[in-house]
Amino acid sequence: MQQTRTRAESQTKFLLDETQLPRRWYNIRPDMPTAPLPVLHPGTGQPIGPDDLAPLFPLELIAQEVSEEPEIAIPEEVLEIYSLWRPTPLYRAHRLEQAIGTRSAIFYKYEGVSPPGSHKPNTAVAQAYYNKQEGRTRLSTETGAGQWGSALAFACKLIGLECKVYMVRISYDQKPNRRSMIQAWGAEIVPSPSPETAAGRAILAEDPDTPGSLGIAISEAVEDAAGRDDTAYSLGSVLNHVLLHQTVIGQEALAQMEAAGAFPDVVIGCVGGGSNFAGLAFPFLREKIAGREIDVLACEPTACPTLTRGPFAYDFGDTSQLTPLVAMHTLGHDFVPAPIHAGGLRYHGVAPLISQLVRDGLVRAEAYVQRDVFASAVLFAGSEGILPAPEAAHAIHGALGAAKAADEAGVERTILFNLSGHGHFDMTAYDKYLEGKLEDVALDEDEIERALRAIEGLPTPV
Ligand SMILES: Cc1ncc(COP(=O)(O)O)c(C=O)c1O
């Protein structure tokens, strides 16, 4: 036993073989102490039903969105595609621990080994699969950093669907290689706002130089899908079914932590819409809800401080008010975040499931400025080797903060974070950081109040 512990303690990678790939997704809804509030129809203010969503999503995903089943079986074809890169590795960050001289143990789950380079294909493959099953031939979507767009393009290629991607204009300009990758997997891509939709044209008329935002790109993709029978809309984060599909991450991590002879005191992820965070954290939150003590930390940018400064309110998921109203932490649907380099974290809302868990005190949140985040990314790259995506670097920064706090308190903690993707297509951002040209962005209270005026008059959550 002692020998096993010693070996596990000095080990760096904890790998599972393909037979250990989780065969079910974990649904946190039935375990939540407070049920999430219903999604409302913006016209009637009444809860929406499956018929309202059917033009946009396949029935199986609508069923998963409201399911109270504790687990949902993963279809064989999805498992077969997952096996191209899953199970993903879990690392003990020995070298990072040494670099900062902490007494705590730091582990990270690495999702950057997927072909597109992030956690996003965990849901892209599942969504493409159900759409194909139900006869759709084309999907439309938005993408911020380009990770989601490339994940859906990849999934559509493997499953056999057409794909149209509306990419937030600032990222389209900053990341030409993500664009090429999306095209190489056969998808069509345009910068958003685009002149191809009414939503895009309206925003361009008002502000021709807008950097765009995820909220705007969602409006365009939803409009595209709503206008064509062959097309469904696919969202890369926020919705319950998306978070559900990501839970393979945390289930694997539970088994890998056990192999390491450890259990985390702190579980950390970055939050844009919330999917990678949920993917790692939800299976651990099941343990926390059952009575285990775990500090669960969500990390976000100060430029888009949804959980730390946005109220819990009913709001639209998109800028042009095409989506139903969801109860979530929000900065207001027409909030256009500053063009920071963590493009995937520039979203005005956060998943309703996570927002409710924050409200219930099961998850806490912190916000960081981008130069601090990049400093942590470079420190991580210099010790562990991997160049992280700027989004994922928020989780690294959170983990370093947790280790420092533990050292200052004179305690040893076990810290686990999600490294949601690599940053190989984010080198412009690294260039800017290394040249000292990155700027920190913090919002003053007036800007937040101005943005929140957009939700005045919408229903209030009770
Ligand atoms: C690598 C990476 N991490 C995190 C995110 C944030 O999304 P989510 O909060 O849904 O995980 C993105 C989004 O594009 C991303 O590309």
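How many residues surround the ligand, and which are the closest? I began my notes here, bearing in mind that the model is a predicted one.

**Ligand site**

I counted 17 residues around the ligand, and the closest I noted are Ser237, Gly272, Gly274, Ser275 and Ser420. I then went through the polar side chains one by one. For Ser237, a polar side-chain atom lies 2.5 Å from an oxygen atom of the ligand. In the case of Ser420, an N or O atom of the side chain is 2.7 Å from a nitrogen atom of the ligand. I also looked up Lys120, where an N or O atom in the side chain is 3.2 Å from an oxygen atom of the ligand.

**Seven-stranded sheet**

Next I traced the open sheet of seven strands, whose order I wrote down as β1-β4-β5-β15-β10-β11-β14, and whose pairing is mixed. I find β1 (13-14) and β14 (364-368) at its edges, and because each has a single partner strand, one side of each is left without a neighbour in the sheet.

Within this sheet I checked how β10 (residues 266-270) is joined to β15 (residues 414-419): the two strands run parallel and three bridges link them. Val267 has Leu416 in β15 as its bridge partner. I then asked what packs on these strands, and noted that α18 touches β5, β10, β11, β14 and β15, with a direction that makes about 150° with that of β10. Helix α14 (residues 275-289) lies across β5 (105-110), β10, β11 (295-301) and β15, and I recorded its direction as about 155° to β10.

**Four-stranded sheet**

I followed a further open sheet, which has four strands in the order β8-β7-β6-β9 and parallel pairing. Here β8 (188-192) and β9 (231-233) stand at the edges with a single partner strand each, so one side of each has no neighbour in the sheet. From one strand to the next I noted a twist that averages 25°.

The pairing of β6 (residues 138-143) with β9 is parallel and covers three bridges, and I marked Tyr233 in β9 as the bridge partner of Ser140. Helix α7 (residues 147-159) lies across β6 and β7 (162-168), and runs at about 165° to β6.

**Helix α17 and its two partners**

On the α17 side I listed Asp372, Val373, Phe374, Ser376, Ala377, Leu379 and Phe380, which meet Pro390, Ala393, His394, Ile396, His397 and Leu400 of α18. I sorted the residues of this contact into nine nonpolar, three polar and one charged.

With α19 (residues 427-434), the axis of α17 comes within 11 Å and the crossing is roughly 105°, which means that α17 is roughly perpendicular to α19. The contact is made by Arg371, Phe374, Ala375, Ala377 and Val378 of α17 together with Ala429, Tyr430 and Tyr433 of α19. For the contact of α17 with α19 I noted seven nonpolar residues, no polar ones and one charged.

Notes:
Residues numbered from 1 in each chain as written. Predicted model: local features only at pLDDT ≥ 70, side-chain atom pairs only at ≥ 80, totals over all residues. Heavy atoms only, no water. Pairing = 2+ DSSP bridges. Axes fitted to C-alpha atoms, helices over the stretch in contact; angles between N-to-C directions. Contact = heavy atoms within 4.5 Å. Parallel < 35°, antiparallel > 145°, perpendicular 65-115°, else oblique. Nonpolar A, V, L, I, M, F, W, Y, C, P; charged D, E, K, R; others polar. Near = heavy atom within 4 Å. Polar contact = N/O pair within 3.5 Å; in protein donor to acceptor, adjacent residues only side chain to side chain.
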